[in-house]
Amino acid sequence: MIKNYIKIAFRSLRKNTGFTVINILGLSIGLATCLLIVFYVADELSYDQFNKKADRIVRANFEIKFGGNNSTYAQTMAPLAQVLETEFPEVETTVRLKSRGGVHVKKDNQNIQEDMMVYSDPGLFDVFTLPMIDGNASTALVEPNSVVITETIAKKYFNSVNVVGKTLVLNDNENYKVTGVIKDIPKQSHFNYDFFLSMSSLEESKETTWLSNNFNTYILLKPGADYKKLNAKLPALMRKHMNVELQSIVHLTMDEFEKAGNYFRMNLTPLTDIHLYSNRVGELGRNGSILYVYIFSAIAIFILLIACVNFMNLSTARSSNRAREVGVRKVLGSPRSSLIAQFLIESILLTFVSTLIAVILAWVMLPLFNQISNKELAITLQSLRWLLPAIIIITLFIGCLAGFYPAFFLSAFQPVDVLKGKLSAGFKGGMLRSFLVVFQFSISIILIIGTLIIYNQLNYIQHKNLGYDRNQVLIVKNTAALGSQAKVFKQEIKQLPGVDNATMTGYLPTAGYRNTSSLFQDPTLDQKRAILPQVWSVDEGYLNTLGIKIVTGRNFSEQLHTDSSSVIINETAARLLGLKQPLNKPLYRPMDNAGKIIKKFTIVGVIKDFHFSSLRDNISPVTLFLEDDYGALSIRVHTKNITSLLAQVADKWKSLAPNQQFAYSFMDQDFEATYRSEQRTGRLFLIFTTLAIAIACLGLFGLAAYAAEQRTKEIGIRKVLGANVSIIVAMLSKDFIKLVFIAILISSPLAWFFMNKWLQGFAYRINFQWWVIVLAGAVAIFIAFVTISFQSIKSAIANPVKSLKSE
């Protein structure tokens with residue numbers, strides 16, 4: 001019987017080639033898109049899952065509110081790890097990590113800059129699953145000046161992985177002994193370092209202060225321990241240790257500190273939540289967002305539903321073509337269950353073919369998808385383990401979902417009505433079909449509006465006045481490698497034709513250099529008159545090079561020796577300090593963690609607020625101090641021949657440091673990199689929206705074809721009576737266009753709600769404009785009209801004699 005069902009299904013699908021092609025094409029595109037999104041979502045959800053103890057690993061976070069400024073950190077204080085191990089029995093072990101970037105590693109008398117370097121406690125391999133190829137994991141990071149490297153780095157510097165005992169030279173004067181080689185860390189890790197330096201090499205790791213947070217601290221809980229219970233104990237821990245230091249520095253108890261509206265808090269984040277749920281200062285890598293996982297998952301479901309709706313619509317629309325078949329079968333004794341089985345098998349067969357095509361399409365499109373999404377997804381043997389069962393499940397599920405209603409709808413026809421010709425299956429009678437068309441276009445319009453909002457927000461970010469000029473600024477990286485020659489390099493660069501100015505500091509709006517410190521208006525360190533701003537070391541050329549405007553006061557001057565005790569603040573800092581006339585007012589800065597050394601600074605200038613982090617965040621207070629920092633050299637240029645200038649800068653570099661790698665970037669490119677994830681999201685949104693509309697239009701095209709077919713004689717009579725092409729087109733189009741208008745009314749408030757939620761993630765954002773809805777609606781109507789018109793015009797220009805000759 002099943003063999004007979006399949007044979008009849010093949011005949012039916014072959015007989016209705018147009019219907020079959022439209023359905024297979026729609027389902028294939030929809031399923032291929034879903035597969036790509038499933039790969040993307042699965043990859044995002046798999047971060048850090050390779051760690052065998054992932055369910056027991058948590059990271060400690062630190063939050064502070066002080067002087068009206070809130071900050072959240074993925075880092076904590078140095079002594080926390082040891083305290084957790086000794087005072088909390090549920091803690092098995094801990095490991096601290098501290099990034100170290102911009103290091104030069106010697107290879108064949110050349111220095112290569114390496115940024116993926118981190119200090120680590122010996123417990124690294126007890127917490128994380130990092131398989132050791134060569135070396136002893138339990139002792140590899142115990143001794144000072146020890147380093148564990150990845151397989152790729154071992155091959156890069158030694159052409160072998162058996163390199164334990166060999167030496168790496170860092171920054172020309174630091175010798176590190178290789179004590180282990182590990183396999184490359186999987187891409188699905190929230191950190192991806194190549195060098196792990198022993199923490200005992202870092203003097204800062206021995207600090208006992210609780211008022212400095214520079215270490216990413218990970219905790220391995222004992223089996224069965226609940227991290228939420230440990231989390232509940234942290235406030236008491238903070239109070240115990242912070243209370244002593246607060247009293248010694250600002251002469252306040254923790255209660256008095258909190259009474260003033262300030263706080264110190266600590267909490268825990270499970271390891272597997274870090275990538276999608278954490279976006280704090282001091283993250284060890286660029287994390288994703290669970291919001292985008294939800295968005296793309298919803299898009300996948302919507303596109304799949306649109307494809308299924310096409311099948312249901314076309315199947316019920318062509319019911320008049322199958323009605324006589326159903327009537328004859330019922331007269332000959334076929335039960336309804338057999339008819340339902342027949343139609344479901346047709347649906348499953350069509351879905352199976354579509355699924356196979358979809359897998360091939362997804363495989364072909366995967367490289368392009370990887371390029372757009374910045375992923376390295378691949379169909380591997382491991383993925384086939386779940387892909388093959390998924391194909392079977394998808395085939396059965398989608399086949400039954402798409403074929404369920406048509407099967408029951410068609411099998412319910414009464415043979416008497418069918419054979420007497422009383423069955424009317426015109427477009428107007430299909431209430432469910434009308435609902436499904438509205439559903440399809442509602443989703444499409446939501447996606448169009450979403451795409452427009454995302455691109456408008458990205459355009460706003462691209463053209464917003466940031467408070468500094470990022471164009472025509474060349475950044476030479478890691479000038480600290482020049483040592484005492486760094487200032488000489490700066491002066492020589494300033495003399496080059498095409499160079500307007502230069503400033504030497506790593507504290508740039510587009511860089512990762514950040515540093516916070518408390519500043520007080522009173523030498524007694526009264527917390528009520530204090531702020532917790534960014535504290536940046538700059539030179540006298542900083543403001544002019546970056547085009548930052550002075551609101552009041554003056555810039556630093558190298559001629560004034562007193563400027564070593566001067567400070568420039570931004571407008572936000574002045575506002576939080578409550579200073580209406582800030583010039584010449586004192587600020588007191590603790591120069592040590594104990595608060596015993598306090599230096600007085602005088603405010604000499606106030607600069608206009610500028611954005612130095614994502615536009616998702618409000619501008620926080622910034623203070624500039626005239627101090628040496630050799631992190632980078634930023635050069636303001638005014639030449640059209642950038643290539644020639646770059647060559648001259650590189651020559652100057654090589655003349656001073658022939659063995660040091662010359663690395664550079666442009667500030668505008670660094671800025672764009674900050675919003676790369678949003679740009680990728682915009683491109684993916686555009687692609688998925690286009691595919692959703694294409695699938696919806698395929699269904700609309702099929703419906704228009706069947707609607708025109710059912711009204712062939714009516715069209716012929718109208719033409720004989722004098723109706724022209726435009727009247728016929730309007731007649732066939734108006735029913736569909738009405739449905740699109742209804743879809744606009746339904747989708748617009750939904751799109752407004754969801755996209756406003758997305759925009760709330762930006763502190764600086766566009767307003768949701770009414771014209772976005774109008775434009776999206778106009779696009780939807782235009783696309784629907786073009787799709788329908790193709791078939792309508794074809795019917796309208798047909799010879800009426802052919803449709804009426806049998807009457």
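**A helix pair and a pocket**

The axes of helix 15 (residues 486-494) and helix 18 (residues 642-656) come within 10 Å and cross at roughly 150°. This is a predicted model: local features need pLDDT of at least 70, side-chain atom pairs pLDDT 80 or more, while totals for chains, interfaces and linings use all residues. Numbering starts from 1 along each chain as its sequence is written, and side-chain values use heavy atoms, without hydrogens or water. Helices are DSSP runs (H or I, at least four residues), numbered from the N terminus. Axes are lines fitted to C-alpha atoms over the stretch in contact, with angles from 0 to 180 degrees between N-to-C directions.

The crossing angle makes helix 15 roughly antiparallel to helix 18 (over 145 degrees). Contact (heavy atoms within 4.5 Å) is made by F489, E492 and I493 of helix 15. Helix 18 contributes V649, K652, W653 and L656.

Now the second largest pocket. Helix 2 (17-45) and helix 12 (381-411) each give two or more residues to its lining. Of the 15 lining residues, D43, S46, Q188, Q382 and W386 are closest to the centre of the pocket. A pocket is an open set of 1 Å grid points, over the protein atoms alone, where a 1.4 Å probe fits, with protein on both sides within 12 Å along at least five of seven lines; lining residues have an atom within 4 Å of a point.

Key: Angles under 35 degrees count as roughly parallel, over 145 as roughly antiparallel, 65 to 115 as roughly perpendicular and the rest as oblique.
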